[in-house]
Amino acid sequence: MHINSTIARQLDIELPSPIQAFAPDWPGAERVSIHIKRDDLIHPVVSGNKWRKLSVFFSDPTSLPHEVVSFGGGFSNHLHALGYCCNKLKLPMTALVRGDYTRHPTPMLRDLARWGVRIQYVTKPEYNRRHDNDYLNALHQTYPAATIIPEGGSQQLALAGVQQILRETPQGFDVVMCPVASGATLAGLITALRPEQRAIGIAVLKGVGYLESLVEQFLPDDFRRDWCIEHHFHHGGYAKSSEPLSAFIETTQAQYQIPLEPVYSGKLFFALKALIADNYFVKGTKILVLHTGGLQGARNTECTDHKNV
Ligand SMILES: *Cc1c(COP(=O)(O)O)cnc(C)c1O
């Protein structure tokens, strides 16, 4: 799949993202080689993997959606990426947001409002129906012209955009690592692996078995690749942090100038360091780490770097 360069340019998306050698001063790190695929750098505010998952909708100027409806929480990297794209391409968008932030909108929600996104707060019970057919059919009646995109942009269609990450990466790696929440990013990477390569997901929430089932639902039947999810690095659950994680993020950012946030990339790099120290990788393993972005979710001000949005 090719991203049409006129649309990508209109959106200020810079592809391919850079690949950076990473040689940290960590116990055991001299036994492996590490490269970071910097999808956090494809855009100053659009989160890397959220763009990848949405790119299928914005690859062909002759078949753009007419209107978009999607779902997320108050800090959603997905709604933010989608809102940005819809604003730039002048597509009407409705965001169904879990909870009610009317009195205390997050920076993410203030960006959406500024970008002309219609924000509708929905109760948790209603939000929980977001995958139900009855509910989705009713939404289709309310928004007949709209493309309805699931939470996180995670659906079968999204995998092609994620696969593109490995298409633009030199193939000389043994293992690719990424954070896992809905599983679509990991599934996209798995389906782009060569048979001798392996993918390791780092769970950012408590979900032994559950996260594996999410990934499997995206994989073709009988699809065989070597992959797994490591569950020891969620630090208490989704968006939960810990003292060691906060300290690690602070030190690593300062020492290696890699921006990290506690929800996704911080947990990923924390896990990388711990697994290396644990001799998890055989000597000489070439590791590719996917930095998925997500830095907007960690900020406390709205973005100011786009004059014309
Ligand atoms: C949403 C998100 C993820 C999780 O991706 P899934 O495809 O839902 O597993 C990882 N990193 C960042 C920065 C994200 O915003």
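**Exercise 1.** Describe the largest pocket by its volume and its lining.

*Solution.* The largest pocket of this predicted model has a volume of about 1200 Å³, where a pocket is an open set of points on a 1 Å grid over the protein atoms alone, where a 1.4 Å probe fits, with protein on both sides within 12 Å along at least five of seven lines. The volume is the space filled by probe spheres set on the points. Next, the lining, meaning residues with an atom within 4 Å of a point, comprises 46 residues, and E151, A181, S182, Y238 and Y264 lie nearest the centre of the pocket. By class, 19 of the lining residues are nonpolar, 20 polar and 7 charged, with Ala, Val, Leu, Ile, Met, Phe, Trp, Tyr, Cys and Pro counted as nonpolar, Asp, Glu, Lys and Arg as charged, and the others, Gly among them, as polar. Finally, α9 gives the most to this lining, with 5 residues.

Residues are numbered from 1 along each chain as its sequence is written. In this predicted model, local features need pLDDT of at least 70 and side-chain atom pairs pLDDT 80 or more, while totals for chains, interfaces and linings use all residues, and side-chain values use heavy atoms, without hydrogens and water.

**Exercise 2.** Work out how helices α10 and α11 pack.

*Solution.* Helix α10 (residues 243-256) and helix α11 (residues 265-277) meet at an angle of about 90°, their axes 10 Å apart. The two helices are therefore roughly perpendicular (65 to 115 degrees). Their contact (heavy atoms within 4.5 Å) involves P244, L245, F248 and I249 of α10 together with G266, K267, F269, F270 and K273 of α11. These contact residues divide into 6 nonpolar, 1 polar and 2 charged.

Technical notes. Axes are lines fitted to C-alpha atoms, for helices over the stretch in contact, and angles run from 0 to 180 degrees between N-to-C directions. Helices (H or I, at least four residues) and strands (E, at least two) are DSSP runs, numbered from the N terminus. Angles under 35 degrees count as roughly parallel, over 145 as roughly antiparallel, 65 to 115 as roughly perpendicular and the rest as oblique.
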